[in-house]
Amino acid sequence: MSEFEPSWESLDSHSVPEWYHDSKLGIFIHWGVYSVPAWAPPDAEIGGENASPYAEWYPYYMYEEDSPTREYHRETYGEDVEYGDFVDDFTAENWDPEAWADLFADVGAGYVVLTGEHHDGFPLWDSHYTKYNAAEMGPERDIVGELCEAVRERDLRFAPSNHSNFNYYQPGFEGQFGHPD
């Protein structure tokens with residue numbers, strides 16, 4: 001394996017693996033607690049102010065003043081419902097990683113990427129850093145681990161994607177984007 005430096009030149013020298021060149025289809029999955037309200041403004045634009053067209057940004061915009069998501073949230077769930085209140089409803093009751101992996105293999109996917117955490121501080125794996133995770137709350141399952149095993153059993157590549165660099169619902173932080181204890 002080559003050594004890389006923190007520069008664009010070094011990154012540009014990285015060659016893409018052969019298996020990736022041969023993969024004509026990759027599956028990217030966004031699924032998490034934000035799938036409970038499963039709502040985004042239908043007319044929002046990417047990069048638009050006070051709104052996102054993606055439901056996975058629900059926990060950010062539900063706290064943003066003057067956003068369509070905040071208005072929707074208040075009208076639908078009321079003033080007292082917090083993002084963390086959706087965790088109990090994120091049960092994954094129909095979650096069948098074997099069926100998902102079969103589907104991905106059947107359609108000819110070469111790789112699968114699951115968003116293991118999308119900025120809401122809720123990992124879909126058993127994390128020893130926080131009890132606020134899918135193995136201990138909500139579905140009480142290691143969703144990342146189960147899908148990884150099922151996908152790799154079908155000789156597909158698997159990668160979890162971790163979007164926690166800027167968590168808007170993060171353990172240990174106070175304020176509008178604080179985290180439940």
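Predicted model: local features only at pLDDT ≥ 70, side-chain atom pairs only at ≥ 80, totals over all residues.
I take contact to mean heavy atoms within 4.5 Å. Residues are numbered from 1 along each chain as its sequence is written, and side-chain values use heavy atoms, with hydrogens and water left out.

**Entry 1: helix α4**

I take helices (H or I, at least four residues) and strands (E, at least two) as DSSP runs, numbered from the N terminus. Buried means under 20% relative accessible area, exposed over 50%, and partly exposed in between, with a 1.4 Å probe and protein chains only.

I looked up α4, which spans residues 68–77, and found Thr69, Arg70 and His73 buried. They share one side of α4 because they cover an arc of only 100° around the axis; the arc is that of the directions from the helix axis to the C-beta atoms. An α-helix has 3.6 residues a turn, so residues three or four places apart point the same way. The cover over the buried residues of α4 includes α3 (58–61).

I then took Thr69 by itself. Thr69 counts as buried because its relative accessibility is 3%. Leaving aside neighbours within four places in sequence, I list Trp39, Pro41, Tyr58, Tyr61 and Met62 as the contacts of Thr69. Just after α4, I noted that Gly78 has a positive phi of about 95°.

**Entry 2: the sheet**

Two strands pair if DSSP finds at least two bridges between them. I found an open sheet of three strands in the order β1-β2-β3, with parallel pairing. Its edge strands are β1 and β3 (157–163), each of which pairs on one side only. From one strand to the next the twist averages 20°. Axes are lines fitted to C-alpha atoms, for helices over the stretch in contact, and angles run from 0 to 180 degrees between N-to-C directions.

β1 (residues 26–29) and β2 (residues 111–118) run parallel and are joined by four bridges. I read two of the positions: Phe28 has Val113 as its bridge partner in β2, and Ile29 stands opposite Leu114. On β1, Ile27 and Ile29 make up the covered face, while Gly26 and Phe28 make up the uncovered one. In a regular strand the side chains alternate between the two faces of the sheet.

I also placed α6: this helix lies across β1, β2 and β3 and runs at about 155° to β3.

**Entry 3: the core**

A nonpolar core is a set of buried Ala, Val, Leu, Ile, Met, Phe, Trp, Tyr and Cys residues joined through side-chain atoms within 4.5 Å. The largest one holds 31 residues, and Phe104, Val112, Ile143 and Leu147 touch the most other members. At least two residues each come from β1, α5 (97–106), β2 and α6 (143–153). The most come from α6, which gives six.

Leaving aside neighbours within four places in sequence, its contacts include Ile27, Ile29, Phe104, Leu147 and Val151.

**Entry 4: two residues in one loop**

I looked at the loop between β2 and α6, where His119 lies and Glu140 is also found. Phi is near 55° in His119, a positive value in a residue other than glycine. Glu140 likewise has a phi near 55°.
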